[in-house]
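Try each one before reading its solution.

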Amino acid sequence: MIREIPEIHLNDGLTLPVIGLGTYLLKGSNGVQSILGALNMGYRLIDSAYNYENEGTVGEAIRKSSVPREQLRITSKLPGRYQTYDKAVTTIQESLYRANLDYYDLYLIHWPLPRQDTYIEAWQALIDAKKWGLVRSIGVCNFLPEHIERLEKETDVKPSVNQIELHPFFNQAQQRKWHEQHNIVTESWSPLARANQLLQNDTIKQIADRHNKTIAQIILRWHYQLGAISIPKSASFARQIENISIFDFFLDEAEMSQISSLSRPDGRINDQDPAIYEEF
Ligand code: NAP
């Protein structure tokens, strides 16, 4: 049975489903089977990256599936080592060749790397790639408000999406509010905190029992009600179905705040602070 997933409008008119499939570590023929299974059950947004070395796996799953290309939303990301204008252009082309696709729906700068200070020229390459039809929508990951302000100031183009670490242990309240004020959609990476101790949390367990749902479903419903797109990764069909079966119940205000209050300043999974973290 295909599950219907609601959609969100981006500031450039493209729509994205509110839940997609994360694909970090989904590679090779097992990865193809996992992604194909997800497409068959209703996932339409697939999140990959040049650095995950699985754009080929994603492309193969798309070719094997019977879902029309125009219904899909495929994301990839530019790595830090290619953040110059020319390298960014050829990397986007290489990403397309690897997946054997004509276009990506969403292409993101993976990290701002402020010390390297080249994200403006990388952004210019994404702007041009969009003009040339290589990508439909462009955005960023892990950008702080000050980085996005610079993009806008120097190119007049703002991102449609900012994909950031977001889960109940790190709820990003200020950054989300800033996105909302600037009409940028928040996309949550590691929405389940990579299945760390968050999935044993007593507070969320009580809420889950009340609704007869799993802890993961409560967390993903929390993301949805916050207005964020989440991209949980699962290799398992059972957990993939579980993760998109969240549209038949509602968390009330008290429950939403109880979950949000689990956030703590050191709640990041691996302490990756975008102001200083570097990933090439
Ligand atoms: P995640 O989605 O929070 O968690 C994935 C882990 O949760 C896997 O171990 C998975 O195991 C398990 N899981 C999934 N659904 C579950 C469920 N219902 N119950 C119990 N366990 C469950 O972590 P993530 O993969 O780090 O983040 C999601 C995606 O975000 C990535 O795959 C990637 O696409 C993207 N990402 C982006 C950035 C960035 O810098 N832009 C950084 C990190 C991640 P099974 O596979 O065994 O189900």
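**Exercise 1.** Find out how the protein holds on to the oxygen atoms of the ligand.

Start with Asp47: one of its polar side-chain atoms lies 2.6 Å from a ligand oxygen, which makes a polar contact (a pair of N or O atoms within 3.5 Å). Keep in mind that this is a predicted model, where local features need pLDDT of at least 70, side-chain atom pairs count only at pLDDT 80 or more, and totals for chains, interfaces and linings use all residues. Residues are numbered from 1 along each chain as its sequence is written, and side-chain values use heavy atoms, with hydrogens and water left out.

Next, look at His110, whose polar side-chain atom is 3.5 Å from an oxygen of the ligand.

**Exercise 2.** Which parts of the chain does the salt bridge between Lys130 and Asp12 tie together?

First check the pair: the closest N and O atoms of Lys130 and Asp12 are 3.5 Å apart, inside the salt-bridge limit (a Lys or Arg side-chain nitrogen within 4 Å of an Asp or Glu carboxyl oxygen). Then place both residues: Lys130 is in helix 4 (residues 119–131) and Asp12 in the loop between strand 1 (7–9) and strand 2 (15–17), so the bridge links parts 118 residues apart in sequence.

Technical notes: A polar contact is a pair of N or O atoms within 3.5 Å; within protein, one must be able to donate a hydrogen and the other to accept it, and residues adjacent in sequence count only if both atoms are side-chain atoms. Helices (H or I, at least four residues) and strands (E, at least two) are DSSP runs, numbered from the N terminus.
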